[in-house]
Amino acid sequence: MLINCVAYREGRKLADIELREIHTYLAQPGAFVWVALHEPTEAELATMQEEFDLHELAVEDASHGHPEVARPKIEEYGDALFVVLNTAEFTPTDEIKVGELGVFVGRNYVLSVRRRTGRGFRDVRARAEREPELLKHGSGYVLYALMDAVVDRYFPVLDAVEAELENIEEQLFVGDDPRKSIEALYYVKQELTTLKHATGPLLEYTGKLFGGRVPQICAGLGEYFRDVYDHLMRINQSIDAARDTVTTAIQVNLAMVQVSESEVTKRLAAYAALVAVPTMIVGVYGMNFEHLPELKWTLGYPLVMGIIVAIDAVLFRRFRKAGWL
């Protein structure tokens, strides 16, 4: 579906144009066209490929023939770039949904293809149009603006995951169900891994847009792409720190479970010892021997009972002092 098709020149918006008019504006000096598509059909992509002379491999990557979200990357095709970004947003059920934004960037065009994500980039277009001095840089600046928007949208998602982690940590020592805490921690770890898959590869590729051999389209915008790189660095460091925290929390939780099980084992052992004393003594008198002197003694029964109580009392006191009971 076509979202926008706009022509610009010298940082100023010329007009909203029809797809059939694209080639007219591409031929004008200093002008470039910015087209935004959402869940495009094969026919729409074929039209864009013809208009902008897109490389067939890049178009194949941007098609909906892939069931999974593509890995972030930046590829060069001659003087053009093809950039794949992963978007992250929450679903109504508070699950992280990863989408895909494919950006074709040429000297006089930008084509963005959005898939599996609900939030669009109208605010990015509005921001670019409010900054004509920067928009004069052309398609390279549009690429920066889109990348910056995608990266900035990672922050609230990461903040929400970190808040969830802090809440789980607070419940570790007061919760009654350790298994529930471990399941919650593994879910947070899965969310962090999802974010890491989106931000990790992009960090590596973004570094190539401002250092070393920079693509011609991005020339003169090094400081802007460096800013994106810095944001990605912060996000990745936060993700790594949160993942370490999750691992530590899981280990602490498992240690608490082991301590709890050890306490139960000690209690059971102490009670078993208390039961073993009378069992051993009365077992002697249950062997049915004919000659047991105590059987004819009047004080035999109370004496045996007293010995059992005394021994158990001593054991109970020792176990209580040792913290087993």
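**View 1. Thr-206, a buried residue of helix α8.** Thr-206 has a relative accessible area of 0%, so this residue is buried. Buried means under 20% relative accessible area, exposed means over 50%, and partly exposed lies in between (1.4 Å probe, protein chains only). Thr-206 belongs to helix α8. Helices (H or I, at least four residues) and strands (E, at least two) are DSSP runs, numbered from the N terminus. What does Thr-206 touch, leaving aside its neighbours within four places in sequence? The contacts are Ile-74, Met-147, Phe-225, Val-228, Tyr-229 and Leu-232. Contact means heavy atoms within 4.5 Å.

The model is predicted: local features need pLDDT of at least 70, side-chain atom pairs count only at pLDDT 80 or more, and totals for chains, interfaces and linings use all residues. Residues are numbered from 1 along each chain as its sequence is written, and side-chain values use heavy atoms, with hydrogens and water left out.

**View 2. Helices α7 and α9 pack together.** Two packed helices are described by the angle between their axes and the distance between the axes. Here α7 spans residues 154–171 and α9 spans residues 222–284. Their axes are 11 Å apart, at an angle of about 20 degrees. Axes are lines fitted to C-alpha atoms, for helices over the stretch in contact, and angles run from 0 to 180 degrees between N-to-C directions. The two helices are therefore roughly parallel to each other. Angles under 35 degrees count as roughly parallel, over 145 as roughly antiparallel, 65 to 115 as roughly perpendicular and the rest as oblique. The crossing of α7 and α9 is left-handed: the near helix is turned anticlockwise from the far one by less than a right angle. From α7, Tyr-154, Phe-155, Leu-158, Glu-162, Leu-165 and Glu-169 make the contact. From α9 come His-231, Leu-232, Arg-234, Ile-235, Ser-238, Ile-239, Ala-242, Thr-245 and Val-246. These contact residues divide into nine nonpolar, three polar and three charged. Ala, Val, Leu, Ile, Met, Phe, Trp, Tyr, Cys and Pro count as nonpolar; Asp, Glu, Lys and Arg count as charged; the others, Gly among them, count as polar.

**View 3. Helices α6 and α7 meet.** Helix α6 covers residues 139–152. The axes of α6 and α7 come within 4 Å and cross at roughly 10 degrees. These helices are therefore roughly parallel to each other. Val-150, Val-151 and Asp-152 of α6 meet Tyr-154, Phe-155 and Pro-156 of α7. The contact residues divide into five nonpolar, no polar and one charged.

**View 4. Aromatic rings in pairs.** The structure holds nine aromatic pairs. Rings of Phe, Tyr and Trp (its six-membered ring) pair if their centres lie within 6.5 Å; planes under 30 degrees apart count as stacked, over 60 as edge-to-face and the rest as tilted. One of the pairs joins Tyr-8 and Trp-34. This pair is tilted, at 6.3 Å centre to centre and 40 degrees between the planes. Tyr-8 sits in strand β1 (residues 2–9) and Trp-34 in strand β3 (residues 31–38), 26 residues apart. Are Tyr-8 and Trp-34 buried or exposed? Both are buried.

Phe-210 and Tyr-229 pair with ring centres 5.4 Å apart and planes at 65 degrees, so their pair is edge-to-face. Phe-210 lies in the loop between α8 (178–206) and α9, and Tyr-229 lies in α9, so the pair ties together parts that are 19 residues apart in sequence. Phe-210 counts as partly exposed at 21% relative accessibility. Tyr-229 counts as partly exposed at 23%. Ring pairs also link Tyr-141, Tyr-144, Tyr-224 and Phe-225 into a cluster.

**View 5. Positive phi at Asp-94 and Arg-116.** Most residues other than glycine have a negative phi. Asp-94 is not a glycine, yet its phi is positive, about 65 degrees. Asp-94 lies in the loop between β5 (80–90) and β6 (96–106). At 55% relative accessibility, Asp-94 counts as exposed. Arg-116 also has a positive phi, near 60 degrees. Arg-116 lies in the loop between β7 (109–115) and α4 (122–130). Its relative accessible area is 25%, so Arg-116 is partly exposed.

View 6. Gln-171 is found in helix α7 and is partly exposed, at 38% relative accessible area. Gly-323 is found in the segment after α10 (300–322).
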